[in-house]
Amino acid sequence: MGARFYFYMSTCLCVTLGLLCVVLVVFWNWRWRGGFAWDGTEAQFNWHPVLMISGLLVLYGLAALLFRVPWGWSQKKRGWKLVHAGLMLAALLLAAVGLHVAFVVHRSLKIPSMYSLHSWVGMSAVVTFAWQWFLGLVGFLLPCSAPQLGHALKGIHVWTGKAVLMLTLAACVSGINEQLSFALDGVSADAYSSLPAEALFANTLGILTVAFSVLVLGILSKADWRRPEANTDAETAPILLREEAT
């Protein structure tokens with residue numbers, strides 16, 4: 001079994017884990033947190049973890065893998081850049097709505113905002129992501145973008161992209177833990193320390209977010225699975241491309 005098999009197996013597993021994260025976070029908030037609404041109550045806040053995990057983690061992570069798909073390497077890169085930028089913009093918009101939900105509900109219920117480590121890390125992830133998307137637009141997509149600028153920004157763009165994913169993972173895990181600590185207080189519900197069904201379920205969600213993020217970072221770090229440059233010769237081409245040629 002060659003490198004292409006392992007790449008597609010890893011990618012399929014990554015997509016599966018991402019979908020499971022989305023399904024589990026929706027079910028958690030529907031089953032235990034009172035469902036969803038848009039009325040300034042706690043039910044509206046339940047959109048926050050759903051939007052953040054769906055957009056800032058899963059859609060972002062899958063969009064980051066777009067250039068690793070071998071069957072797109074023979075096509076023009078600009079088209080894939082537009083798809084990549086569009087998916088990333090969708091992820092950023094979902095994250096922005098998720099932040100808006102959190103601030104609106106906190107203000108409605110007179111809960112302080114931006115005091116916890118979770119909120120600091122989450123805001124850092126969104127701000128870094130927005131800055132990275134803007135740099136990507138300026139450096140790679142605008143008609144006036146100079147090739148020299150894109151070349152200079154490429155390393156920064158890749159490094160920042162991985163940093164956003166790690167910040168997002170930290171925000172997701174700390175957010176799940178914070179929500180469980182508040183909800184399972186041992187007074188209005190079973191204590192978190194007694195590990196009731198909700199805690200088991202949400203902890204499993206947290207583990208899945210870790211597995212998804214680690215797999216995305218692993219795929220991105222695999223040198224042989226990167227899209228080759230236009231002037232790459234046969235001897236230095238990634239192993240996925242050499243396998244396709246044979």
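**View 1. Helix 3 is mostly covered, with 15 of its 18 residues buried.** Buried means under 20% relative accessible area, exposed over 50% and partly exposed in between, computed with a 1.4 Å probe on protein chains only. The model is predicted: local features need pLDDT of at least 70, side-chain atom pairs count only at pLDDT 80 or more, and totals for chains, interfaces and linings use all residues. Residues are numbered from 1 along each chain as its sequence is written, and side-chain values use heavy atoms, leaving out hydrogens and water. Helices are DSSP runs (H or I, at least four residues) numbered from the N terminus. Helix 3 covers residues 47-64, and its end C-alpha atoms are 24 Å apart, which agrees with the 26 Å that its 18 residues should span at 1.5 Å a residue. The expected span is 1.5 Å times one less than the number of residues. A kink of about 25 degrees is centred on Ser 54; the bend at a residue is the angle between axes fitted to the seven residues ending there and the seven starting there.

**View 2. The largest nonpolar core has 44 residues.** Such a core is a set of buried Ala, Val, Leu, Ile, Met, Phe, Trp, Tyr and Cys residues joined through side-chain atoms within 4.5 Å. Ile 53, Phe 129 and Leu 205 have the most contacts inside this core. Helices 1, 3, 4, 5, 6 and 7 each supply at least two of its residues, and the largest share, 10 residues, comes from helix 7. Another core, of 5 residues, lies apart from it and includes Leu 51 and Val 101.

View 3. Contact means heavy atoms within 4.5 Å. Not counting residues up to four places away in sequence, Leu 205 touches Cys 21, Leu 24, Val 25, Trp 28, Ile 53 and Ile 176. Gly 206 lies in helix 7 (residues 197-221) and is buried, with a relative accessible area of 10%. Beyond four places in sequence, Gly 206 is in contact with Val 173 and Ile 176.

**View 4. Helix 4 has 32 residues.** From its first C-alpha to its last, helix 4 reaches 46 Å, close to the 46 Å expected. Just after helix 4, Lys 110 takes a positive phi of about 55 degrees.

**View 5. Helix 8 (residues 239-245) has the lowest mean pLDDT among the elements of the protein chain, 52.** pLDDT is the predictor's confidence in each residue, from 0 to 100. Helix 3 has the highest mean, 98. Over residues 232-237 pLDDT stays under 50.
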